[in-house]
2 protein chains.
Amino acid sequence: LAITNEQKNCQWRIARRPKGNVVAEDFLYHEEEIPILQDNEILLRTLYLNLAPVMRMYMSGESIAGEKGLDIGDVIHGRGVAEVIKSNNSNYKPGEILQGQIGWQTFKSTEVTERERFRKINNCGLPFSIGLSTLGMTGLSAYFGLLACGKPKKNETIVVSGAAGGVGSTVIQIAKMIGCRVIGLAGNQAKCDLIKELGCDEAINYRTEDIRQTLSNLCQNGIDIYFDNVGGDILSASLDHLAQNSRIVLCGSISEYLHDKPYGLDNYTKLRRTNSCMQGFFIYNYSAQFDAAEKDLSSWLKERKIKPVEHIYDGFENMPKALSSIYDGGNYGVALSRIRHGLNDDE
Amino acid sequence: LAITNEQKNCQWRIARRPKGNVVAEDFLYHEEEIPILQDNEILLRTLYLNLAPVMRMYMSGESIAGEKGLDIGDVIHGRGVAEVIKSNNSNYKPGEILQGQIGWQTFKSTEVTERERFRKINNCGLPFSIGLSTLGMTGLSAYFGLLACGKPKKNETIVVSGAAGGVGSTVIQIAKMIGCRVIGLAGNQAKCDLIKELGCDEAINYRTEDIRQTLSNLCQNGIDIYFDNVGGDILSASLDHLAQNSRIVLCGSISEYLHDKPYGLDNYTKLRRTNSCMQGFFIYNYSAQFDAAEKDLSSWLKERKIKPVEHIYDGFENMPKALSSIYDGGNYGVALSRIRHGLNDDE
């Protein structure tokens, strides 16, 4: 593994709007001078960059979460972990490791503002990639989605879709810690094995099994919490198996990212008989509580009660291919690209 | 108005399964002997019977709320208000007025069991029909749906569909009492006038106005509570105008009663960004708290803070026609049939 050019800021930009899954021609490789530090700025050297389904939407120019959509020629959005190498801000020192919005580039110079926030990462004795997995938006989504929205109680039955994904794999571990019975859904045998290793009591391969029938068999007293990372058919199947006072947490809908037409949920009235609740979830609504959550997650990591699940792709040059592969359902855990070796957080 | 025959128990039974709206041929008029009181039983003389959309489903043989569906020839299900005229149960005395499952008949003899419960009605100085409106399942649905599920706070904006209906008209009045801004939807001008009289700050005629556009204009800071009595399109439009931390109460879906294919809700993911919640509601899940609710509702009635809204059809013989008309959207408030005159609860 080598950075294409350590003397330049290497970038991946949008060459054109993707149609369906992304292909090589949608990306433009670009090199420019490493930015010169301005007043109040910090200069960051990228270590890891996140790979997420939402990135195809960035490339399509869609406005996400109220932000302006990207134009052709823009550097692709993406969160990352980076080392401070120079600083004109007394709150940040060279050598500190931060997590935040970096974009697909190997250096970034930026002011730290309310809008452009960066969080310092304590690695808990683990690689700094945890800044994108357990201690990143992924882990925080699992934490708030499960605890604040799902409100799990000991011995409750929780069904998690996308269970082998970044959020799902963390939800499983926290739910087991609380004493829930956990049923995970994943799309192949290797992922089913993985989620059982993480503690799932049951694993359902949704590509080969009849979901409704299997849920009937496994949840004879109904589902207390359905943690939804996928939307569509599996959400609909869960609505048909709700226990009294159950909670559905709408965290993600990856099944819809590559569809033009949204899924019509035709059994939402199933919420009525059981007094159940479908709770929408958006992680940035919880930002005032991130510090407290990080404290909990860090101690669970240190005590080895939970562990990060990461699918690491190597090399900045491979990012377009890596992004394409995450829509195929082949990856597990948090997908990320390792940009640089040789730091104390390498395995 | 006269009972067809005071010497007999007059009944309406299912002649055949309705197709679409009910017609006269779907009903069978039947007279039989007034039941003879058995041990532990009470004999009831019907005063009012409820008319509700669900009754077409009873006639279709559908299993509702876990109960066995009705057969051809069965007396149609329905709640009513009745006077105890004889009693072999020391808890009930002749002259007391009860509310409960009576069916479409002019007399009923029954044991009072856990399953076949009857509630005594204190008329609060009003006609005993309030046992089917404000103090019946309708008023209780408004009470628990709004207060326990909607959790309204002063100055919040609440949108109520089916606002001129039994539940809706009560929701409006309780919400105004709490200090909410209330926007009601109804299907004609007379109903819009009615709900404004009941306190609605705004009334939307959903048949003549563009619902999405009007909601945009009236709810510039979003909807805090959407109280759904209708389902379908209006629910979907509300999802597009949610405020942060808003609540949708799924109480009814009358728009779906005459459709074969359920509505596909394709924007349910709108719950996510705003951390909103769609809460299913089924009144019998709250039965342990009915007494406390009745106490509140009774004092509000006595203090004239809320009032019943009833659409009274006269005469047992007119019940089939009356039921048919409630699907046309012409009625308002709680629809009910007055079976007998001459009691102290007549207006």
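Student: What should I keep in mind before we start?

Tutor: This is a predicted model, in which local features need pLDDT of at least 70 and side-chain atom pairs count only at pLDDT 80 or more, while totals for chains, interfaces and linings use all residues. Residues are numbered from 1 along each chain as its sequence is written, chains are lettered from A and ligands numbered from 1 in the order in which they are written, and side-chain values use heavy atoms, with hydrogens and water left out.

Student: Where is A:Ser161, and what is in contact with A:Ser161?

Tutor: A:Ser161 sits in the loop between β8 (157–160) and α3 (166–178) of chain A. Helices (H or I, at least four residues) and strands (E, at least two) are DSSP runs, numbered from the N terminus. Contact means heavy atoms within 4.5 Å. Neighbours within four places in sequence aside, A:Ser161 is in contact with residues including A:Leu185, A:Tyr226 and A:Ile234.

Student: What makes the pair A:Ser161 and A:Asp228 a polar contact?

Tutor: A polar contact is a pair of N or O atoms within 3.5 Å; within protein, one must be able to donate a hydrogen and the other to accept it, and residues adjacent in sequence count only if both atoms are side-chain atoms. The side chains of A:Ser161 and A:Asp228 make such a contact at 3.4 Å.

Student: How do you know that A:Glu33 and A:Lys8 form a salt bridge?

Tutor: A salt bridge is a side-chain nitrogen of Lys or Arg within 4 Å of a carboxyl oxygen of Asp or Glu. Here the N to O value is 2.5 Å, and the two side chains meet in a salt bridge. The pair links distant parts of the chain: A:Glu33 lies in strand β2 (residues 27–33) and A:Lys8 in strand β1 (residues 8–14) of chain A, 25 residues apart.

Student: Why do A:Glu33 and A:Lys8 get their accessibility labels?

Tutor: A:Glu33 reaches 52% relative accessibility, so A:Glu33 counts as exposed. A:Lys8 has a relative accessible area of 24%, so A:Lys8 is partly exposed.

Student: What makes B:Arg119 and B:Glu294 a salt bridge?

Tutor: Their closest N and O atoms are 2.9 Å apart, and the pair forms a salt bridge. B:Arg119 is in strand β7 (residues 118–120) and B:Glu294 in helix α8 (residues 290–302) of chain B, 175 residues apart. B:Arg119 is at 16% relative accessibility, so B:Arg119 counts as buried. B:Glu294 is at 17%, so B:Glu294 is buried.

Student: How many salt bridges are there over all chains, and which residues are linked in a network?

Tutor: The count over all chains comes to 31 salt bridges. A:Glu6, A:Arg45, A:Glu83 and A:Arg340 are linked in a network of them.

Student: How many salt bridges are there between chain B and chain A?

Tutor: The count between chain B and chain A is 0. The rule does find 22 residue pairs in polar contact across this interface (both at pLDDT 80 or more).

Student: What is the area buried between chain B and chain A?

Tutor: Buried area is the accessible area (1.4 Å probe) that two parts lose on being put together, summed over both. Here it is about 2,500 Å², and carbon and sulfur atoms give 48% of it. The contact takes 32 residues from chain B and 32 residues from chain A.

Student: How do you know that β13 of chain A pairs with β13(B)?

Tutor: Two strands pair if DSSP finds at least two bridges between them. Strand β13 (residues 277–280) of chain A is joined to β13(B) by 3 bridges, and the strands run antiparallel. A:Met278 stands opposite B:Met278 in β13(B).

Student: What is the phi of A:Cys124, and why does A:Cys124 get its accessibility label?

Tutor: Phi of A:Cys124 is near 55°, a positive value in a residue other than glycine. A:Cys124 lies in the loop between β7 (118–120) and α2 (137–150) of chain A. The relative accessible area of A:Cys124 is 7%, so A:Cys124 is buried.

Notes: Buried < 20%, exposed > 50% of the residue type's maximum accessible area, 1.4 Å probe, protein only.
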